[in-house]
Number of protein chains: 2
Amino acid sequence: MSKEIISRAENYSQWYNDIIKKAGLAENSPVRGCMVIKPNGFAVWEKMQAALDKMFKDTGHVNAYFPLFIPKSFFSKEASHVEGFAKECAVVTHYRLKNAEDGSGVVVDETAKLEEELIVRPTSETIIWDTYRNWIQSYRDLPILINQWANVVRWEMRTRLFLRTTEFLWQEGHTAHATRDEAIEETEKMLNVYTEFAEKFMAIPVLRGIKTPNERFAGAEETYCIEALMQDGKALQAGTSHFLGQNFAKAFDVKFTNKEGKSDYVWASSWGVSTRLMGALIMAHSDDKGFVVPPKLAPIQVVIIPIHKTEAELETINLKVKEIKQSLEKKGISVKYDNDESQKPGWKFAEYELKGIPLRIAIGPRDIQNNTLEIARRDTLEKATYQQDDIANKVLNLLENIQANLYQKALDFRENNTFHANTWDEFVDIIENKGGFVYAHWDGTDETEQKIKELTKATIRCIPLDCKEENGLCILTGKPSSRRVVFAKAY
Amino acid sequence: MSKEIISRAENYSQWYNDIIKKAGLAENSPVRGCMVIKPNGFAVWEKMQAALDKMFKDTGHVNAYFPLFIPKSFFSKEASHVEGFAKECAVVTHYRLKNAEDGSGVVVDETAKLEEELIVRPTSETIIWDTYRNWIQSYRDLPILINQWANVVRWEMRTRLFLRTTEFLWQEGHTAHATRDEAIEETEKMLNVYTEFAEKFMAIPVLRGIKTPNERFAGAEETYCIEALMQDGKALQAGTSHFLGQNFAKAFDVKFTNKEGKSDYVWASSWGVSTRLMGALIMAHSDDKGFVVPPKLAPIQVVIIPIHKTEAELETINLKVKEIKQSLEKKGISVKYDNDESQKPGWKFAEYELKGIPLRIAIGPRDIQNNTLEIARRDTLEKATYQQDDIANKVLNLLENIQANLYQKALDFRENNTFHANTWDEFVDIIENKGGFVYAHWDGTDETEQKIKELTKATIRCIPLDCKEENGLCILTGKPSSRRVVFAKAY
């Protein structure tokens, strides 16, 4: 019944690929590292976009669009940004092809060489701050609260569908403020928006924290992040929000006259989430039968399947389903009725389990007689018979219940896989044999962080925002530490 | 009051640029030919996207996403496509930068040269049909009805904001069918969707027709188009829908087993509209006072401005406006209340006229007393006083009225600027001195079409779908013709 999906226990990595393939979410393209997002996957991404976009607008942001290409020289203007972003990237050097002289196809026209190479944006701080320079003169022009939905390219050596691809889709917010405090407030506000989205829509609990200097965004003064735990005990960074200080304003000479009439550099934040969230969604909830999608992000929330032997039975069922479908749709529930006769119900059951439709309704001649129907939940795989009366509210309740249950399951999993390590041996044992989040003391140095990574492959996911002060000794060096940080192996 | 907008009569081209600049719709970026779409412009584009996306989905289409990059060799596979598209394009040749040895910044790492260059997609038929090959085996896999929203790049030599830019945003539908008839039906269906969108949402009447072979999409068997008339008498191609025959299926070897069990190549259509529509929208309706947006595409449909002297008056007005705003929003009307005290009402009036808000409501102390308010229409610039009772329905009616009026005005303009020419002299006189659409006889040859273009700059916009048979003589060669085609100078 599981249609060739390998189990998580047997091969987690293969299971992830199987889900993506069998649920029709994405596939590799002929272009190295670039994926095709297939209709079933894109429909989920669209639901994510719609929810996020509404949250951005509700917090006062507007959308805009900046160029795909960035002049090479822009990257050199912010010293640490160039180190982080201008290296592995797609470089446009020419703007014309011509017919090959031997008739074999087309070749690059060497006479059409750009004076300055263009970089396909890996992130847009540079071109946006170059633009903001002309938009900002006075504190009256601030704040600027802009988001863009865009594709970006980072030339990754090892790629995995959704998790790490050369081209990916994302949103990037870029805001400009008159004061340091306001920019920090914005950075934290957007971290909260991401947290709410992850928890309420994706049904994934996340740790909120700040990155160590070593893991900080190139050009940021502080990087805030949300970190989620996957079913194999590895962490996944699900979103970041950066306080950029005045770094980009200085690099691109963006000054304004403040309320006191003095000239100052503008303060900035940037924040983004990407199609990587699709990877998180798949790995957080899916099981050995296929994809599991939280109802709030499911393009189809309910599938209805008729169980019949004769044409007459089907006709009766069709009529009843039409009625049920309308009553569900009136409540804003998205419904698919699959009465395609070329496939048997059993095949359909497995197929929709695979694709993660939250609820499956089956209805046969006896149900028609008894005014009943059978509902199966994708999350628990439980089936139960319901009276048809008031069915829309029953389905609504079930969908809410599934949404809450998926979150609770993920939260329980995280709690069962969160550990405190006080010694090096304990730490290594957990990282190697259990996985999960490990709270441990760290002496605060880059060297120790790097050394731990070399020895165990675990990285500091974040310094949690809600972590209380606690004196202790660094697990590696024994030097004093005043709070625990969270380690994990990560995607 | 017009805030430095030049008049259409004085300089139409400058007027267009002024509107875009002063209404904050877009601007040129530091990257040659690429634009920044500013929040005010992007908000209109988002309304267009939402309306189109719904129409696509209502006609059975789903969204997906294909890679930005296309291997160079793909373009050589379809003979006429390569001529049309693989020439002026952005070519990625390298995937890494490195620090310059002299410390001057970053330079291309010559060791990171791609084996095969990648082209930034100018359109996606090639990569999509290469992908479809693996998706289609049997007639049961058909039809495939996919759309993608994406950015594309065509290296244009002369660019103009929205109308012709190196990078632009668009949607491209790519469908696959089992039969020729079904593919043609789809091509025509999408032309109808575009027509409905242009007329009902953009309030722009369009001519529906087919392109001459010379103006056909590179790789198509037939290109259908909608053509709109701008206020300067020039035509603008607003959308195209292509019947691709089996050309791309043959080029990418996409075969299927039909119902009869025989192998055949798949039939295709593709269709697209782009941010160019923003240019059409601006030029169709705007006036010497600024941007004019049809209510259905206006991000803000109503702006409310308080007229007051004292703080106490403002407080009373605030309370009343809160009530009015809620009643409008309940009807789905988008409302902005601008009670910013740093600007005078007169300044605001001009500002919102410039930005094209369809309705402006002004409300002062006397209105509070009399239970009235003043409403100004952006389209006619008429002002009238209304009782506040049932205001939401009154505003809804006015918005519908504006939408209809803008369409009617554009239709009247087109009718007044549509001509029939029967002789060469007549034709040249109209093209040179009047502009507009000119119905004239043409002998059906490429040579004549080209010659007319050279002599007058007028091109055949389309062979109208609803054109009746009519015997006549070609205006240039005097050879026989069986129907008139439509000529115009065009954007």
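The domain assignment of chain A gives domain 1 (12–77 + 119–285), domain 2 (299–398) and domain 3 (418–488); such bounds come from an automatic or database domain assignment. Between domain 1 and domain 2 of chain A, the C-alpha centres lie 39 Å apart. Six residues from domain 1 of chain A and four residues from domain 2 of chain A make up their contact, where two residues are in contact if their C-beta atoms, placed from the backbone, lie within 7 Å. On the domain 1 side, helix α2 (residues 39–58) of chain A gives the largest share, four residues. That side has three nonpolar, one polar and two charged residues. In this scheme Ala, Val, Leu, Ile, Met, Phe, Trp, Tyr, Cys and Pro count as nonpolar, Asp, Glu, Lys and Arg as charged, and the others, Gly among them, as polar.

Before going on, a word on the model and its numbering. This is a predicted model, in which local features need pLDDT of at least 70 and side-chain atom pairs count only at pLDDT 80 or more, while totals for chains, interfaces and linings use all residues. Residues are numbered from 1 along each chain as its sequence is written, and chains are lettered from A and ligands numbered from 1 in the order in which they are written. Chain A averages a pLDDT of 96, with 99% of the residues scoring at least 70; pLDDT is the predictor's confidence in each residue, from 0 to 100. The model as a whole scores ipTM 0.96 and pTM 0.97.

Now for chain A as a whole. It has 14 helices and 27 strands; helices (H or I, at least four residues) and strands (E, at least two) are DSSP runs, numbered from the N terminus. Its C-alpha atoms fill a box of roughly 80 × 70 × 55 Å, taken along the principal axes. Of the 491 residues in chain A, 48% are buried. A residue is buried if 20 or more other C-beta atoms lie within 10 Å of its own, exposed if 12 or fewer, and partly exposed in between, with C-beta atoms placed from the backbone. Among contacts in chain A with a separation of 6 or more, 68% are between residues 24 or more positions apart.

How do the two chains relate? Chain B superposes on chain A by a rotation of 180° with 0.0 Å of shift along its axis (RMSD 0.0 Å). This is the relation of a two-fold axis. The superposition is by least squares on the C-alpha atoms of residues with pLDDT of at least 70 in both copies. Val92(B) comes closest to the rotation axis of the residues of chain B, at 2.1 Å (C-alpha).

The contact between the chains takes 51 residues from chain B and 51 residues from chain A. On chain B, the side touching chain A divides into 33 nonpolar, nine polar and nine charged residues. The copies meet through the same surface, because 100% of the interface residues of chain B are also interface residues in chain A.

Strands join across this contact as well. Strand β5 (residues 91–94) of chain A and strand β5 (residues 91–94) of chain B run antiparallel and are joined by three bridges; two strands pair if DSSP finds at least two bridges between them. Within chain B, β5(B) also pairs with strand β8 (residues 113–120), in the antiparallel sense and over three bridges. Some bridge partners, including one from another strand pair described below, are listed here.

| Residue | Partner | Partner's strand |
|---|---|---|
| His94(A) | Val91(B) | β5(B) |
| His94(B) | Lys113(B) | β8(B) |
| Thr175(B) | Ser269(B) | β16(B) |

Chain B also holds an open sheet of 11 strands with mixed pairing, in the order β3-β9-β10-β16-β13-β12-β11-β24-β27-β23-β22. At its edges stand β3 (62–63) and β22 (418–420) of chain B, each with a single partner strand, so one side of each is left without a neighbour in the sheet. Eight bridges join β10 (residues 167–177) to β16 (residues 267–274) of chain B, which run antiparallel.

Ile146(B) counts as buried because it has 24 C-beta neighbours inside 10 Å. Beyond its neighbours within four places in sequence, Ile146(B) is in contact with residues including Pro39(A), His61(B), Val62(B) and Thr175(B).

Finally, helix α8 (residues 276–285) of chain B is mostly covered, with 10 of its 10 residues buried. Among them are Arg276(B), Leu281(B) and His285(B).
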